[in-house]
Amino acid sequence: MAPAVPKPREPFEARIEGFTHDGRGVTRVDGKVWFVEGALPDEKVVVRPTGGKRSYSLGVAESILEPSASRVTPHCTAFGVCGGCALQHLEYPKQLSFKKANVVENLEGAGVTVPEKILELQAQPWAYRRRARLGARLVPKKGGVLVGFRERNKSFITPLSSCPVIHPSVDRVLVKIADLISQLTIPDRIPQIEVAAGENGTALVFRHLSPLTPGDRTILRGFGTQEQLLIYTQEKGPETATPIDPGATPELFYTLKAFDLNISFSVTHFIQVNGAINELIVELAVDWLAPDKDSQVLDLFCGLGNFSLALARRAGRVLGVEGDASLVKKAGENAAANGVANAEFEAQDLFSDALSDWDPGTFSHVLVDPPRSGALEALKTICTKAAPNALAYVSCNPATLARDAAYLTGSGGYRLASLAVADMFPHTTHVESAALFVRAP
Ligand SMILES: C[S@@+](CC[C@H](N)C(=O)[O-])C[C@H]1O[C@@H](n2cnc3c(N)ncnc32)[C@H](O)[C@@H]1O
């Protein structure tokens, strides 16, 4: 039987003692832990209870009686409701300290010795999102079509007239997108719009659950021309994303200037969300690994070749490995288009149960950039078979980085030599970090 949820209580005053990794204040009342949305450490707040379980309670900060010195006025009027950002009320420099503490706590909790100096990579904290998924919903009683991010912990859409973190080419048309969907014959059948901004244009991919009429297509095409946006429609899975004007739709790209690379991508392909931070992380990883013409480099979870192609500018040979065959193909095309002849790409499921049978050969250097679930299976194979001298690990989840680092610094035979925290997702609680492991003496 599910534990009984405590009865809602009256609002009460509390002093906030801590901060969770997802940005909620923590307090204790009568020995019970409360997680309080919108509260910062050291603040005295009025907590309005919202629910909970037997072992903890949930609330929101209804008013702030004694604000923290780090509290700032959020930039966005939808902050607190919109699920896109969680930290706009915390002054920006403190956000990175909070993320750094998250990485350190996870690593130390897993028994990994952390270097004294931790690098911080930051770029401008607004208008950085070049990849996003906007939700859309027809809600007649709220005035029509709503377009925005989902509400925090809910499936409702927060209608946005503006968004300070999304790419400016999309920010300026948020209201117009809602109007545009209202004009279609199926305003209730467009659940989401994918955003992909390259350096040569921005694409909007309209997912539609019912067929579009020729008239709908004309309206979408007209919008694209008027707003100078590339319009795509998507009937089913990501592979069905199709430009509405195939002849007039260039392929999007971003650049890695330090390596003289143009990386092309399809609108539904994975690209790192924040272009400026991506460039800094790629430069850092290449710097850390410092490959030369005698180096053999393995790039696991290589995607479009973001790290592989940069590494190939310095190394003798690079092998990029990736699970998505369309990304593998694109990585090969990116190599050819950039005149990179020393990089190859291979499709491999790096979470496969049969990974222990896979033998990529020996490599002097390895880079891993896995999804949130980490890379433990792949690392076990790599440490025994590829046996690199140095391994750079780029992570979007401090918990799996810590687990994998514990393996690498334990039976893997490596030591954590350098650590960096990068603000890939300012104002959110997402944490990007990078770690360099070198063979322990
Ligand atoms: C964080 S992204 C990194 C991509 C690339 N390194 C970059 O910088 O753009 C993680 C990558 O892991 C790939 N991936 C996810 N599951 C996988 C699997 N089971 N086997 C291999 N690759 C996988 C995704 O397709 C994605 O390209």
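The lining of the second largest pocket takes at least three residues from each of domain 1 (12–66) and domain 3 (131–252), with domain bounds taken from an automatic or database domain assignment. The model is predicted, so local features are reported only at pLDDT of at least 70 and side-chain atom pairs only at pLDDT 80 or more, while totals for chains, interfaces and linings use all residues. Residues are numbered from 1 along each chain as its sequence is written, and side-chain values use heavy atoms, with hydrogens and water left out.

The second largest pocket holds about 500 Å³ of space. Of its 24 lining residues, E37, G59, V60, G80 and R152 are the closest to its centre. Two or more residues each come from β4 (32–37), β5 (44–52) and β6 (56–66), and β6 gives the largest share, 7 residues. Strands here are DSSP runs (E, at least two residues), numbered from the N terminus. By class, the lining has 8 nonpolar, 8 polar and 8 charged residues; Ala, Val, Leu, Ile, Met, Phe, Trp, Tyr, Cys and Pro count as nonpolar, Asp, Glu, Lys and Arg as charged, and the others, Gly among them, as polar. A pocket is an open set of points on a 1 Å grid over the protein atoms alone, where a 1.4 Å probe fits, with protein on both sides within 12 Å along at least five of seven lines; lining residues have an atom within 4 Å of a point. Points are joined across faces, edges and corners, and the volume is the space filled by probe spheres set on them.

Turning to the rings, R152 places its charged end over the ring of F79, 5.5 Å from the centre, and R130 lies over the face of Y254 at 4.4 Å from the ring centre. The rule asks for NZ of Lys or CZ of Arg within 6 Å of the ring centre and within 35 degrees of the ring normal. There are also 5 aromatic pairs, that is, Phe, Tyr or Trp (six-membered) rings with centres within 6.5 Å, stacked under 30 degrees between planes, edge-to-face over 60 and tilted otherwise. One of them, F12 with W34, is edge-to-face, at 4.9 Å centre to centre and 70 degrees between the planes. This pair joins strand β1 (residues 12–15) to strand β4, across 22 residues. F12 counts as buried because its relative accessibility is 13%, and W34 is buried at 4% (buried, under 20% relative accessible area; exposed, over 50%; partly exposed in between; 1.4 Å probe, protein chains only).

Methods:
Helix = DSSP H or I, 4+ residues; strand = E, 2+ residues; numbered from the N terminus.
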